[in-house]
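Let's walk through this structure together, one pairing at a time. Keep the sequence and the 3D view side by side as you read.

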Amino acid sequence: MSAATTRSRTPDRLCAEAVDLARAAAEEAAAPGVVGEHSGLVSEGDRVVTHFFECKELGYRGWRWAVTVARASRAKIVTLDEVVLLPGPDALLAPEWVPWSERLRPGDMGPGDLLPTDAEDLRLEPGYSGEDEPPPASPVSEEMAELVEAEDAEVTGGAPANLPVVPTRGTIASVAEELGMRRARVLSRYGLHIAADRWEEAYGAKTPMAQAAPAACVSCGFLQPIGGSLGQAFGVCANEFSPADGRVVSLAYGCGGHSEAAVMPKPPVPPPPVIDETRVDPFPLRPSADSGSVSLLPDEDTAELGHS
């Protein structure tokens, strides 16, 4: 370790004592009353010291005013270097900036929003290849062009470089359009995998709803199959009472709205009445005299008072 490196770790005495100079510079850069107490210093090198002052500015909790002072070799006058506002160890900082392509989350797009897709998006791959490549028997193919030049033949009027383009009918593009596959790009294997993982996490066999379901969606009559390779593991729910209505669900998913979950129970039928024909129950035509709440016999007390 050199002597210069050793000296740089020890603050210069005159620079360390220039606290008033550093405070005046900080208050000039900020404002009076905003610069707080002196909170320490650090040696930046030979005869270079940075003084730290607390910042009382609202919204800058934990920040510090850093004032760097320096002194020339063999000089006794300390000069000002710079004044900056720096975050401290416990400073309140803004979150790290994230590009917009990484900030977007599912559901963030609204009406009128446009989300451009990267040309090298790993989720997509070319929908078909060879659109601009002519068939082998085409008059503009490389093999036929070489044959024409070698035999000095004329398949069509003009030089091979000026031959007409391949007819639209019979090209790969036209066949792809007839099959409904004329798309510039389709999902790649990576795009299929991440889509399947996302759907499996939202409506898969490990969700609480599927764990409590009486049966899986693979046997449900409300499941609408989808095409492609994803149709082997997913479908679309068409049950309006299901929490996954209109969503892509795993065939192993399930809910209480399964079409074969249960049959509505029939209303209970009371048992037929039991008639005992071995005994006779009397049914009097008139009530007995003592069956009412008022006695029919005259009361002596009421008779004296003239009441009946």
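His51 has Val67 in β3 as its bridge partner. Strand β2 (residues 48-55) and strand β3 (residues 63-71) run antiparallel and are joined over 7 bridges; two strands count as paired if DSSP finds at least two bridges between them. Strands here are DSSP runs of E with at least two residues, helices are runs of H or I with at least four, and both are numbered from the N terminus. What you are looking at is a predicted model, where local features need pLDDT of at least 70, side-chain atom pairs count only at pLDDT 80 or more, and totals for chains, interfaces and linings use all residues. Residues are numbered from 1 along each chain as its sequence is written, and side-chain values use heavy atoms, leaving out hydrogens and water.

Helix α3 (residues 19-29) packs on the sheet and touches β1, β2, β3 and β4, where contact means heavy atoms within 4.5 Å. The direction of α3 makes about 115° with that of β1; axes are lines fitted to C-alpha atoms, for helices over the stretch in contact, and angles run from 0 to 180 degrees between N-to-C directions.

Now follow β3 onward. β3 and β4 also pair in the antiparallel sense, over 9 bridges, and Trp63 has Pro87 in β4 as its bridge partner. The hairpin of these two strands has 6 residues between them, and there Arg74 takes a positive phi near 65°.

How confident is the predictor? pLDDT, its confidence in each residue from 0 to 100, averages 77 over the chain.

Definitions and conventions:
pLDDT = per-residue confidence, 0-100.
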